[in-house]
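Please look over the sequence and the structure below before reading on. The report then takes a few parts of the model in turn.

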Amino acid sequence: MTADILREKFLAFFKARKHKIIDSDSLVPKDDPTVLFTPAGMNQFKKEFLGFDSGFKRASTSQRCLRTDDLDKVGKTSVHHTFFEMLGNFSFGDYFKKEAISWAWEFLTGELKISADKLWVSVYQDDDEAYDIWKDIVPVNKIIRLGDKDNFWPAEAKTKGPNGPCGPCSEIFFDFGKDVGCKKPDCTPACDCGRFAEIWNLVFTQFNRKADGSLEPLPNKNIDTGMGLERLAAVMQGVKSNFETELFQPIIKEIIRGQSPSGTVPEKKILYAIADHVRAVVFSIYDGILPSNEGRGYVVRKIIRKAILHLNSLGVKEPFLYRLVAIAADVMRKPYPELVKQREDIARVVLAEEKNFIYALGSSEELFKSKFAEFIKKPDAEAVGNTAFLLHDTYGIPLDLTKEWLDKHKISFSQKVFEQAMEEQKARSKSASAMKGDVFGAKALDIKVKETNFVGYKGNAAEAKILAILENGKEVNEISSGDALQIVLDQTPFYAEAGGQVGDSGELINGKNVFEVLDTKKIDNVILHIGRARSGNFKKGDKIVAKINVGRRLNIARNHTATHILQASLREVLGSHVQQQGSLVSAEKLRFDFTHFKGLSTEEIARVEELANSYILKKYAVASKEMALKDAKKLGALAFFEEKYGENVRLVQIGNISKELCGGTHLTNIKQIGLIKIISESSVASGIRRIEAVTAKFAEQFVKEQEQKAVEESKKRSRLEELKAQEKKRSAEINNLLPAKSLELSEKSVTLNGMKAVFSVEDNLDMNALRLLADMIKGKLNQAVIALGSQDGSRACLVIGLTADLCAKGLSAKNIILQVAPLIGGSGGGREDFAQAGGSAPENFALVFDKIKDIIIKL
């Protein structure tokens, strides 16, 4: 029974039991700062677990998950993975232990026909309720009681935290048989010998752990179950390792085919690790997590590099991992058909990472020199240990390669420091997959209002009733002044900040009483009007008129519609791999982040802008329509990866050029944009570009400023060209005078110690002119020393030239300049026959010439 069939059977089973089937959430947790990646099926239901009404009490999913705490175990065991799918059924204050247990048993033994003799169960040591339910289903000798670590969720929450909802759990195990593992007659699932595989965990969330460590019963008890699809597939296919299922075997076979032609089959643990890692990388990039040096992107880069090092150990020295992307995508094509469409783009990202890392490995010699050279003369084993860890963690350089280089150069190394740094990093990595702080960490409004009805798509004003007033976060009945105020209405035309679009501003009016709305935000389904009471007072229950700032809303709508047009233009010019990664839509400008692998050329930017404005000239209508998510996807609507969509969505369509899922406010016709002008293009992260643009009057103002700037720059260029022409003319005039001046100075030469010497300070000559003049004089004299100075503002210029016959006798202009340059407050250098210096004391030329005369006489 394939994984695809198991997934379908599981969801169909719980759908028949009135569970709402919810699509898998992204690997990027939504509004959840407690985790770096989505680690379990329950994460997307945190609000429902807290009591928020989403319109359903039962749900079931097949959630894609990613955990990094088991990274070093991947490949070494048959069941550990970074990326995996978790099948789950959930109850939010509806059914509890009896139903959860009976349905789990029914699915495994009835639907999947797993022999009851092959199944064992565990319960929490103090959970007699679960034990009593199970003993009516399973022989008591197949029920074991386990403690906090194994059968309480979160692990050890009962004694150590974290705070929040928690409870006992019950696990179902598959028995591979007495001939597997330790083979002891008293072996039970408590033994980790490999005989038993946990396939389903049923969590009974019935307590709330308080700050003092006490457990109080929850008013609404919840069910949260999780079953690894990969483990279930292994059981149903009669194999002992998840990696022997059809989820991994096509990838593994390709690795064997593509590895170095040694004719031997690589170690299974290496094959398994590579197969696991490529799945994790493919789905991470699919969910918009691109390799980078921080956050989630850093983890993805680390996983890619681990896979490359495994391939390297097989003798694969060229990029290869990217070739596995298409196979991994094809394996998952049924549940994720969009993945197949993106496989080439994903492979391109992986290939770029492979090339960069393989190059880094090839140039490791230079890297080692730059990092460890200082320790050759100044040994510091601890610092070397930390640096070795840095190379391993940041660059992915294997420790063996580093130690080989260190041994070769006799540099001492602390293994203890390295291992300590590794343990600290593992703890950080584990915390990235584990929940921190309170279990759910959600910040809800402490008011009874559940929802604000948004009516802003159809109008700019609406009559409304004040349902709640908050001052400094606390509910009050009346306000007359103050700045930190929030008002909640039963309905509102004010759009709350979401999807990159800023919140509306405007006024709430009740006669002469005016509340100025400076911003609008949303918590769950409640819209908060944030601002200050400008005049009069407001109290709970008041009837008011809510009016948005129409002009500002129009500018925001222009920029939001323009964002859709720009995405369509970018996809047309650059390719369909362009996907939105973030945005900011304000009244003044728009910012759009998107996937692309290099900076846009000037020509590409111009083409995108030209295409966008050509669309505007066609005056396409903008239409929006509510529809089912599946129907919108069938129409080819684009979705923003960070948004969480419900069953029904709003489709915004612009003519035949753009279809996007969007809840923002838009124009009715794109002709209202007027003009789009791209003002910048830059990099945000590896593989993510950003463009900023302005529209309408802001675009016209930008163009005007650019034109004015161009005029100013043109004037500056003209002035510079004029100055250059004047300088060129002046230089030509001076150069015309140099031959006569060289003759004049050569005739005025004096004889010192049998040598000719020329000393002169010439006004208005730069260093180049002095050099030319010195060369001309040298051409007219034998055995001559020429020293010329000039003042350029407050700067002194000095040149010294020697004829070739003096150089042949061992004299050096360079040596002379080094002795006299300090006298003019500077330094100099040059060749044996010519040297020059600059300084800050032109008044000291007489001292320089006296010094040179002294040098000549002493010769």
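I469 stands opposite I487 in strand β14. The model is a predicted one: local features need pLDDT of at least 70 and side-chain atom pairs count only at pLDDT 80 or more, while totals for chains, interfaces and linings use all residues. Residues are numbered from 1 along each chain as its sequence is written, and side-chain values use heavy atoms, with hydrogens and water left out.

On another side of the pairing, I487 stands opposite H529 in β18. Helices (H or I, at least four residues) and strands (E, at least two) are DSSP runs, numbered from the N terminus. Two strands pair if DSSP finds at least two bridges between them.

| Strand pair | Sense | Bridges |
|---|---|---|
| β11 (residues 461-471) and β14 | antiparallel | five |
| β14 and β18 (residues 526-535) | antiparallel | three |

Strand β14 covers residues 485-489, and four of its five residues are buried, so β14 is largely enclosed by the rest of the structure. Buried means under 20% relative accessible area, exposed over 50%, and partly exposed in between (1.4 Å probe, protein chains only).

Which residues does I172 contact, leaving aside its neighbours within four places in sequence? They are A104, L108, L119, W120, V121, W134, A197, E198, I199 and W200, where contact means heavy atoms within 4.5 Å. From A568, I172 is 396 residues apart in sequence and 50 Å apart in space, C-alpha to C-alpha.

Next comes an open sheet. Four strands form it in the order β21-β22-β27-β26, with antiparallel pairing. Its edge strands, each pairing on one side only, are β21 (580-585) and β26 (676-685). From one strand to the next, the twist averages 15 degrees. Strands β26 and β27 (residues 688-695) run antiparallel and are joined by eight bridges; E681 has I691 in β27 as its bridge partner. Helix α18 (residues 550-574) packs on this sheet and touches β21, β22 (590-595), β26 and β27. The direction of α18 makes about 30 degrees with that of β22. Axes are lines fitted to C-alpha atoms, for helices over the stretch in contact, and angles run from 0 to 180 degrees between N-to-C directions.

Strand β22 also holds T595. Is T595 buried or exposed? T595 counts as buried because its relative accessibility is 10%. A polar atom of the T595 side chain lies 2.8 Å from the backbone oxygen of H577, and a polar atom of that side chain lies 2.9 Å from the backbone nitrogen of Q579. Not counting residues up to four places away in sequence, T595 touches L290, H577, V578, Q579, Q581 and G687.

The last topic is a pair of helices. The axes of α13 (residues 364-372) and α16 (residues 399-408) come within 11 Å and cross at roughly 65 degrees. On the α13 side, the contact is made by S364, E365, F368, K369 and F372, and on the α16 side by L401, T402, W405 and L406. These residues divide into five nonpolar, two polar and two charged.

Definitions and conventions
Nonpolar A, V, L, I, M, F, W, Y, C, P; charged D, E, K, R; others polar. Polar contact = N/O pair within 3.5 Å; in protein donor to acceptor, adjacent residues only side chain to side chain.
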